[in-house]
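Please look over the sequence and the coordinates before reading on. The paragraphs below then lead through the strands, the cores, a helix pair and a few individual residues.

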Amino acid sequence: LLVALILSTAIRPSAPGWPGDWSVAFCDVGQGDATVLRADSTTAVLVDVGPEPEPVLDCLRGLGVRSLAMVVLTHYHADHVGGFAGVAARYEPELVLVSPLASPEAAARAVEEAVGADAIRGARPGERLTVGDVTWSTISAWQPTAPVTDDGQGESAVENDASIVGVAEVGEL
C-alpha cells in the first residue's frame with residue numbers, strides 16, 4: 001500500500017484531450033509568428049502563419065481546429081505569410097485581413113492567388129470584427145505615403161512599420 005501511495009504521488013497521468021479547454025495558442029513555427037484564437041470548439045481566427053505551412057497545420061490539427069473563419073496577416077514578410085498557401089488550401093478561410101501595404105509584391109500576389117481577391121480585405125483602423133467568441137479590433141494599419149524601397153531581397157523595414165496592430169478579445173481574455 002505504501003509503494004502504491006508513493007507511486008501515485010510521483011507519477012502523474014497526462015490530462016486527457018490535450019490541450020484541454022484553450023482560448024489562445026501560440027504555435028511554434030520557427031522564425032515567425034502564428035497565433036490561434038478560439039472562436040468556438042472547432043473554429044478559430046489565425047494571426048499570421050509562419051514561414052512554412054507544416055508547423056502551423058500541425059498546430060491547428062492538434063488544437064482540433066476544423067475551420068478558420070478569419071486569418072489576419074499582419075504584413076507580407078515571409079516569416080509571417082510564407083506558409084499561407086498551405087493553410088488556405090486546407091482551411092479555405094472566409095476572410096483574410098491584410099496590411100494595406102501590399103509589399104513585397106510577390107508575397108502579396110501569392111496570398112491573393114491562394115484565396116482569391118474576394119476573400120481579402122485591407123484592415124482599417126477602428127474596425128471591430130466578431131467571430132464567435134473572438135472580437136478583433138484593428139488599432140493601426142498604416143499606409144506609407146512615400147514609395148517603398150527594399151533591401152534587394154524584396155523586404156524593407158517599412159513593411160514592419162505598416163503591420164496591422166490589433167487587440168483580440170477571446171471570451172473573458
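Strands β2 and β3 pair in the antiparallel sense over four bridges, where two strands count as paired if DSSP finds at least two bridges between them, and the two form a hairpin with four residues between them. Within this pairing T35 stands opposite V47 in β3. The model is a predicted one, in which local features need pLDDT of at least 70 and side-chain atom pairs count only at pLDDT 80 or more, whereas totals for chains, interfaces and linings use all residues. Residues are numbered from 1 along each chain as its sequence is written, and side-chain values use heavy atoms, with hydrogens and water left out.

On its other pairing, β2 is joined to strand β1 (residues 24-26) by three bridges, and these two strands run antiparallel, with V24 opposite L37 in β2. In a regular strand the side chains alternate between the two faces of the sheet. In β2 (residues 35-38), T35 and L37 point one way while V36 and R38 point the other way, and all are buried, a term that stands for under 20% relative accessible area, with exposed meaning over 50% and partly exposed the range in between (1.4 Å probe, protein chains only). F26, by contrast, which lies in strand β1, counts as exposed because its relative accessibility is 67%. Not counting residues up to four places away in sequence, F26 touches A34 and T35, contact being defined as heavy atoms within 4.5 Å.

Taken as a whole, the chain has six helices and nine strands, which are DSSP runs numbered from the N terminus (H or I and at least four residues for helices, E and at least two for strands). Of its 173 residues, 42% count as buried. Among the contacts in the chain with a separation of 6 or more, 65% come from residues 24 or more positions apart.

Where do the nonpolar residues gather? A nonpolar core is a set of buried Ala, Val, Leu, Ile, Met, Phe, Trp, Tyr and Cys residues joined through side-chain atoms within 4.5 Å. The largest such core has 28 residues, and those with the most contacts inside it are V36, L46, V65, L68 and L73. At least two residues of this core are supplied by each of β3 (43-47), α2 (53-62), β4 (67-73), α4 (84-91), β5 (95-98) and α5 (105-115). Apart from it lies another core, of 16 residues, which includes M70, V72, A123 and L129. L68, once its neighbours within four places in sequence are left aside, is in contact with A44, L46, L60, V87, Y91, E92, P93 and E94.

Four bridges join β7 to β8 (residues 134-141), and the bridge partner of V131 in β8 is V134.

Y76, in the loop between β4 and α3 (78-81), is buried because its relative accessible area is 5%. Beyond residues up to four places away in sequence, Y76 touches several others, including V98, L101, P104, A107 and V111. P104 itself is in the loop between β5 and α5, and the peptide bond from S103 to P104 is cis, with omega near 0 degrees.

Most residues other than glycine have a negative phi, and most peptide bonds are trans. D48, in the loop between β3 and α2, has a positive phi near 65 degrees, and E92, in the loop between α4 and β5, has a positive phi near 45 degrees. Are these two residues buried or exposed? D48 counts as buried because its relative accessibility is 3%, whereas E92 is exposed because its relative accessible area is 63%.
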